[in-house]
Amino acid sequence: MAAFRTLDDLGDVRGKVALVRVDLNLPMHEGRASDVTRVEASAPTILELADAGAKVLLLAHFGRPKGQRSSVMSTSMVMGDVERVLGREIMFIPEVMGPVVEQSVGILRDGDIGLLDNVRFWPGEEANDPEFARGIAAVGDFYVNDAFSAAHRAHATTEGLAHLLPAYAGRAMERELKALDAALGSPEQPVAAVVGGAKVSTKLAVLENLVGRVQHLIIGGGMANTFLAARGVDVGKSLCEHDLAATANAIMDKADHAGCTVHLPYDVVVAKEFAANPSSLRTCNVHEVAADEMILDIGPAATESLGDVLKTCRTLVWNGPLGAFETPPFDEATVALAKTAAALTQDGSLTSVAGGGDTVAALNHAGVAGDFTYVSTAGGAFLEWMEGRELPGVKALTA
């Protein structure tokens with residue numbers, strides 16, 4: 001992993017202005033955030049800098065205003081939630097640069113925190129306009145990026161500022177980069193990857209990258225149906241991308257040449273209708289799926305076998321559920337394998353890193369998210385990292 005500077009490399013910051021990029025793009029319900037996980041992730045960075053006497057200015061986006069001001073997309077909407085998590089009062093600043101920001105910095109005392117308005121109100125943010133970045137940087141002494149979830153975007157506040165001011169990774173960013181390096185950068189082998197979800201087409205690049213980097217590739221969800229069909233299995237009414245048969249076969253051939261074992265289910269849970277606990281529910285061999293049935297989960301025998309695979313591994317990276325986990329009983333395989341991975345992690349025999357929205361929800365559903373080595377709340381950034389792509393916001397910290 002390339003070296004990057006962290007808060008440990010900062011000297012005395014008292015009286016200095018810290019521009020801190022955080023993720024405050026929170027889900028809202030009736031005027032309040034329904035999930036403050038992202039604020040909690042950056043709280044250690046914000047409080048560490050404030051307690052050291054820096055004037056902390058928070059940079060964030062909220063929604064997709066497309067370069068236009070919108071009262072319902074102002075970061076003032078989440079200010080109360082941020083204050084509750086931090087346990088501090090913060091000053092809202094309705095601009096990101098210029099006289100209003102300069103005056104506000106003059107009012108802030110050492111250790112105070114200010115929240116700038118939605119950086120995406122200005123077209124220069126998503127365009128990564130150098131002049132826009134310079135305008136923001138004018139009041140700062142150093143820049144901290146603590147928003148890995150936005151690191152796949154080459155925007156002014158995720159990439160541009162890192163070239164204008166001394167740049168550092170915040171604590172959440174630091175934890176994320178170290179965890180990802182342990183998972184695929186320089187992992188202990190053997191390495192297993194669980195990749196699930198509805199469609200192969202959304203994760204082609206992920207699969208093509210992983211087969212050359214892991215020893216075991218476990219495919220679940222609707223994706224598994226496409227691979228089974230490519231191998232000549234009749235999957236009935238199951239969600240399946242039949243037009244990707246050649247692509248699925250090419251990925252499996254590439255895996256063979258790379259010494260990667262691809263694990264597909266050999267027993268499955270099927271039903272004639274997709275509903276909770278349907279009367280037509282049954283478990284069968286993959287070759288016994290009827291024409292009017294759909295595969296909705298991996299069967300118990302295959303799940304147990306996959307658990308045995310994890311017991312032989314030292315590292316696990318997980319993205320996507322094995323079945324339609326939101327609807328019982330099609331959550332059983334995901335829950336069972338997640339519990340196995342969590343137990344192995346707690347025993348110290350497995351380093352487990354998971355990420356992606358559905359994955360986080362599935363691990364929380366299984367009650368084991370806290371038992372994995374690291375669970376990333378980043379969606380697109382985590383997926384692009386699994387694809388082996390260079391993330392602009394991370395590269396800028398290591399340049």
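Two strands count as paired if DSSP finds at least two bridges between them. Strands (E, at least two residues) and helices (H or I, at least four) are DSSP runs, numbered from the N terminus. This is a predicted model: local features need pLDDT of at least 70, side-chain atom pairs count only at pLDDT 80 or more, and totals for chains, interfaces and linings use all residues. Residue numbers start from 1 along each chain as its sequence is written, and side-chain values use heavy atoms, with hydrogens and water left out.

**Stop 1**

Select residues 315-319 and 351-355. These are β15 and β16, which run parallel and are joined by four bridges. Now pick Val317: Val353 in β16 stands opposite.

Widen the view. The open sheet has six strands in the order β11-β10-β9-β15-β16-β17, with parallel pairing. Go to its edges, β11 (261-263) and β17 (374-376). Each has a single partner strand, so one side of each is left without a neighbour in the sheet. Neighbouring strands here are turned by 15° against each other on average, direction ignored. (Axes are lines fitted to C-alpha atoms, for helices over the stretch in contact; angles run from 0 to 180 degrees between N-to-C directions.) Strands of a sheet pair through backbone hydrogen bonds, either parallel or antiparallel.

**Stop 2**

Select residues 142-145, strand β7. (Buried means under 20% relative accessible area, exposed over 50%, partly exposed in between, with a 1.4 Å probe and protein chains only.)

Four bridges join β1 to β7, and the two run parallel. Ala18 has Phe142 as its bridge partner. β8 pairs with β7 in the parallel sense over three bridges. Here Asn145 stands opposite Ala169.

Continue to helix α6, residues 171-185. Of its 15 residues, 11 are buried. Among them are Arg171, Met173, Leu177 and Leu184.

**Stop 3: aromatic pairs**

The structure holds six aromatic pairs. Phe142 counts as buried at 3% relative accessibility, and Tyr168 at 8%.

Jump to Phe382 and Trp385. This pair is tilted: 5.3 Å centre to centre, 50° between the planes. Both residues are buried. They are three residues apart in helix α13 (380-386), about one helical turn. Finish this stop with Phe121, Trp122 and Phe132, which form one aromatic cluster.

**Stop 4: the second largest pocket**

Select Gly221, Gly222, Leu239, Gly323 and Ala324. Of the 23 lining residues of the second largest pocket, these lie nearest its centre. Five lining residues come from β14, the largest share. By class, the lining has 14 nonpolar, six polar and three charged residues. (Ala, Val, Leu, Ile, Met, Phe, Trp, Tyr, Cys and Pro count as nonpolar, Asp, Glu, Lys and Arg as charged, and the others, Gly among them, as polar.) A pocket is an open set of points on a 1 Å grid over the protein atoms alone, where a 1.4 Å probe fits, with protein on both sides within 12 Å along at least five of seven lines; lining residues have an atom within 4 Å of a point.

Conventions:
Rings of Phe, Tyr and Trp (its six-membered ring) pair if their centres lie within 6.5 Å; planes under 30 degrees apart count as stacked, over 60 as edge-to-face and the rest as tilted.
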